[in-house]
Amino acid sequence: MSKFNTANTRASVSSPVKSEHSASSTTFEGGPGFSRDAKSELFLLAVTNMVGEQTFYEKADNRDSRYATLIHAVAVSDPDWTARFLAWLRSGANMRSASLVGGLEAAKAMIAAGIPGGRQVVASVLQRPDEPGEALAYWTSTHGRAIPKAVKRGVADAAARLYTERAVLKWDTASKGYRFGDVLNLVHADAKANWQADLYTHILDRRFGRDEEVSESLRMIAANRALRAMADERPEVLLDADALRQAGMTWEDVLSLAGSKVDKARLWEALIPSMGYMALLRNLRNFDDAGVSDEAAQKVAAKLADPDEVARSRQFPMRFLSAYRAAPSLRWGYALEKALDASLANVPELSGRTLVLVDTSGSMNSGFSRDGSLMRWDAATVFGLALARRCEAADVVSFSDGWYGNRTATKVFDPRPGESLLRSVDRWKSGGYFLNGGTDTAGAVQRHYSGHDRVVILTDEQAAYTGYGDVTAAVPKDRMVYTWNLAGYQRGHAPSGTGTRHTFGGLTDAGFRMIPLLEAGRNSDWPF
């Protein structure tokens with residue numbers, strides 16, 4: 001009889017988020033807490049960190065301080081890994097504030113340790129025209145007015161790459177503490193061409209109120225100025241889509257100029273062709289309120305549903321749920337469903353039986369979006385139901401701990417064939433699947449595991465003490481357990497990184513790509 005080569009034998013595989021094998025501490029709720037190495041802790045924190053935002057268990061200042069401390073340590077111990085990670089965090093994970101702060105803090109640590117590369121790290125995380133000013137505002141408010149040369153040069157590299165006529169018109173506003181002119185005065189960015197040298201002169205003149213003349217090379221800025229002057233006497237010019245595009249007019253500026261002088265529906269229809277993806281997504285309610293035509297709405301819907309546009313927009317899947325809930329008209333529903341599906345393209349198809357456990361304890365009811373319309377359990381639900389749709393067979397369970405014994409500890413969700421993901425999420429919310437209370441993860445696993453090929457737990461990992469030990473103890477050691485971390489707290493609820501226990505996380509679907517790799521017996525690495 002074979003002792004080692006059995007049907008359940010799995011190759012030993014590893015994943016990047018690694019923890020200790022035995023718990024050395026506790027979670028915030030008193031369950032066994034597994035500490036992670038610095039890179040793993042930093043990764044999970046960074047991909048969920050909105051910077052300056054308080055979570056259920058961690059104050060904003062404490063969270064930001066932990067993030068900076070981790071960045072400092074890893075930047076010195078492995079500067080190459082840190083540089084690749086932060087560039088990916090901005091461009092791949094689309095975490096704007098976390099990558100900006102991370103880049104500046106990494107540069108600070110590298111400069112102090114005499115390690116080259118801080119300039120390149122800073123430049124890599126600045127990807128939007130307002131971010132050079134954001135970087136200087138963060139540095140001076142956090143570290144004082146003395147700015148190291150490497151940081152200045154990194155900001156200058158970004159400014160030279162990002163400052164265009166359109167960028168000036170959209171982003172250089174009086175509401176900012178650091179205007180484009182302030183950035184140029186501080187970092188002395190090199191112009192890459194004659195037109196940019198003219199633009200720099202205009203930016204400085206604009207900052208100090210002496211921009212009466214506009215260089216002939218700056219055609220968009222000249223057109224913008226002419227259009228604004230004309231709009232006072234002829235507001236109908238704001239309905240000319242071509243003129244608006246040539247003048248680099250933002251939809252915010254046009255609405256402000258038009259006031260009540262132009263029909264709102266016609267105005268939106270003129271603006272729609274030049275609006276970016278995010279602008280369209282956030283204005284669906286305004287389109288409905290203004291009464292834009294079905295023809296215009298169809299153009300918007302076609303762009304929203306286009307997989308290539310979704311990929312270019314780099315929107316989080318949660319953004320489509322937020323738009324769906326905010327838009328009053330049914331005409332956007334199918335387009336948003338298609339967009340959500342496209343944003344979840346990395347979710348793999350999984351054979352066999354999968355148990356999907358969605359944490360709906362009280363800590364998962366903390367705010368997930370700035371406006372408070374989405375909660376952390378909303379994200380867990382979207383990712384959990386999206387995964388279940390790709391499984392050959394899936395059991396989906398909402399779990400908590402029963403809350404003082406007078407509430408349901410777990411509740412099984414019944415997926416319906418052909419039901420859209422957005423409708424499923426709606427049914428989850430309206431059907432009482434948010435349970436509240438504590439976090440009995442071990443109890444939920446023990447209660448619902450029944451020979452499944454794998455278990456996926458979507459959670460903040462802050463399991464309560466139950467006496468069961470490791471929350472995955474009820475799952476045989478030859479079956480895979482994946483934890484999807486949605487909060488980035490310091491300690492996890494189970495070991496991770498080797499064998500059949502693995503953790504990944506973030507606000508996009510990228511982590512799901514690890515599952516088929518690990519189950520095929522191949523090691524999974526960082527996504528950058």
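This is a predicted model: local features need pLDDT of at least 70, side-chain atom pairs count only at pLDDT 80 or more; totals for chains, interfaces and linings use all residues.
Which residues are buried in α11?

In helix α11, the buried residues are M220, I221, N224, L227 and A231. They cover an arc of only 120° around the axis, and that places them on the same side of α11. For background, an α-helix has 3.6 residues a turn, so residues three or four places apart point the same way. The other side of α11 carries R219, A229, D232 and E233, which are exposed. As for what the buried residues face, they pack against three helices, namely α8 (165-171), α10 (194-207) and α12 (241-246). The length of the helix can be checked as well: α11 runs over residues 219-233, and at 1.5 Å a residue its 15 residues should span 21 Å, while the end C-alpha atoms lie 22 Å apart, which agrees.

Staying in this part of the chain, I would like to turn to D182, which sits in helix α9, residues 180-187. D182 has a relative accessible area of 14%, and because buried means under 20%, D182 counts as buried. What does D182 touch, once its neighbours within four places in sequence are left aside? The contacts are with G177 and R207, and with R207 there is also a polar contact of 3.0 Å between the two side chains.

Next, the sheet. There is an open sheet of three strands, in the order β1-β2-β8, and the pairing is antiparallel. Its edge strands are β1, at 25-26, and β8, at 491-492, each of which pairs on one side only. Strand β2, covering residues 32-35, meets β8 in the antiparallel sense over two bridges, and within that pairing F34 has G492 in β8 as its bridge partner.

In general, side chains of opposite charge can pair when their charged atoms come close.

The pair I take to begin with is E58 and R63, a salt bridge in which the closest N and O atoms are 3.1 Å apart. Are these two residues buried or exposed? E58 counts as buried at 9% relative accessibility, and R63 counts as buried at 1%.

The next pair is D157 and R119, whose side chains meet in a salt bridge at 2.8 Å, N to O. This pair links distant parts of the chain, with D157 in helix α7 (residues 149-162) and R119 in helix α5 (residues 118-125), 38 residues apart. D157 is partly exposed at 30% relative accessibility, and R119 is partly exposed as well, with a relative accessible area of 31%.

The last pair is R331 and D294, again a salt bridge at 2.8 Å, N to O. R331 lies in the loop between α19 (317-326) and α20 (333-343), whereas D294 belongs to helix α17 (residues 294-305), so the pair ties together parts that are 37 residues apart in sequence. R331 counts as partly exposed at 29% relative accessibility, while D294, at 52%, counts as exposed. Beyond these pairs, salt bridges that share partners join R90, R96, R128, D130, E131 and E134 into one network.

Helix α19 also contains S322, which is buried, with a relative accessible area of 15%. Apart from its neighbours within four places in sequence, S322 is in contact with S373 and L374.

Finally, some backbone angles. Most residues other than glycine have a negative phi, and against that background two residues deserve a look in the viewer. N436 is not a glycine, yet it has a positive phi of about 70°; N436 is placed in the loop between α22 (421-430) and α23 (441-448), and it is partly exposed, with a relative accessible area of 24%. E461 likewise has a positive phi, near 70°, and E461 is found in the loop between β6 (454-459) and β7 (480-485). Is E461 buried or exposed? At 0% relative accessibility, E461 counts as buried.

Key: Residues are numbered from 1 along each chain as its sequence is written. Side-chain values use heavy atoms; hydrogens and water are left out. Two strands pair if DSSP finds at least two bridges between them. Helices (H or I, at least four residues) and strands (E, at least two) are DSSP runs, numbered from the N terminus. Buried means under 20% relative accessible area, exposed over 50%, partly exposed in between (1.4 Å probe, protein chains only). A polar contact is a pair of N or O atoms within 3.5 Å; within protein, one must be able to donate a hydrogen and the other to accept it, and residues adjacent in sequence count only if both atoms are side-chain atoms. Contact means heavy atoms within 4.5 Å. The expected span of a helix is 1.5 Å times one less than its number of residues. The arc is that of the directions from the helix axis to the C-beta atoms. A salt bridge is a side-chain nitrogen of Lys or Arg within 4 Å of a carboxyl oxygen of Asp or Glu.
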